[in-house]
Amino acid sequence: MFDKCPGVTTILQPTIKFKTCPKCGAEVELVSTDMKVDCDKCGFTIYNDVNSCVQWCEYAKECVGEEVYDRLKKEQIIKEKE
Ligand SMILES: [Zn+2]
């Protein structure tokens, strides 16, 4: 096993953070493992700014595990490489 890079810890360890809806200004609770959340008030979709190495790291799949990786791909956080 190799050490995980710091960039994936927010994905693997859920933490709550609050974001402000850019549309209506409401405070929206977002779990770090959720890739996006809909605003309770206006329904605006707020994306979790996953500023993470998994978006480009070629070892991302090994790092976060296949299950998480597939989910990120499904959420289009990770673009499938050709
Ligand atoms: Zn809103």
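In which helix do Asp 70 and Lys 73 both lie, and how many residues apart? Both lie in helix H3 (residues 66-74), 3 residues apart, which is about one turn of the helix. Helices here are DSSP runs of H or I with at least four residues, strands are E runs of at least two, and both are numbered from the N terminus.

The model is predicted: local features need pLDDT of at least 70, side-chain atom pairs count only at pLDDT 80 or more, and totals for chains, interfaces and linings use all residues. Residues are numbered from 1 along each chain as its sequence is written, and side-chain values use heavy atoms, with hydrogens and water left out. The pLDDT is the predictor's confidence in each residue, from 0 to 100. Its average over the chain is 82, and 89% of the residues score at least 70. Among the elements, E2 has the highest mean pLDDT (91) and helix H1 (residues 9-12) the lowest (74).

The chain contains 3 helices and 4 strands. Their order along the sequence is α-β-β-β-β-α-α. Of the 82 residues in the chain, 33% are buried. Buried means under 20% relative accessible area, exposed means over 50%, and partly exposed lies in between (1.4 Å probe, protein chains only).

E1 and E2 run antiparallel and are joined by 5 bridges. Strands count as paired if DSSP finds at least two bridges between them. One of the contacts links Lys 17 to its bridge partner in E2, Leu 30.

A zinc ion is held by four protein donors: Cys 21 (SG), Cys 24 (SG), Cys 39 (SG) and Cys 42 (SG). They lie 2.2 to 2.3 Å from the ion. Donors are N, O and S atoms within 2.8 Å of the metal (3.2 Å for Na, K and Ca); water is not among the atoms, so sites may look incomplete. The 4 donor atoms subtend angles of 105 to 115° around the zinc ion, so the arrangement is tetrahedral. That label requires all angles of four donors to lie between 85 and 135 degrees.

Along the chain, the donors of the zinc ion follow the spacing C-x2-C-x14-C-x2-C. Cys 21 lies in the loop between strand E1 (16-20) and strand E2 (27-31), and Cys 42 in the loop between strand E3 (36-38) and strand E4 (45-47), so the pair ties together parts that are 21 residues apart in sequence. Cys 39 is also placed in the loop between E3 and E4. The C-alpha atoms of Cys 39 and Glu 27 are 8.3 Å apart, with 12 residues of separation along the chain.

Cys 21 is buried at 2% relative accessibility. Cys 39 is buried as well, at 5%. Cys 42 is partly exposed at 31%. Cys 24 is partly exposed at 40%. The structure holds 0 disulfides, a disulfide being a pair of cysteine sulfur atoms within 2.5 Å.

The count of salt bridges comes to 1. A salt bridge is a side-chain nitrogen of Lys or Arg within 4 Å of a carboxyl oxygen of Asp or Glu. Side chains of opposite charge can pair when their charged atoms come close. Here the side chains of Asp 70 and Lys 73 meet at 3.9 Å, N to O. Asp 70 is partly exposed, with a relative accessible area of 31%. Lys 73 is partly exposed at 24%.

Methods
Tetrahedral: all angles 85-135°; square planar, octahedral: opposite > 155°, others 65-115°.
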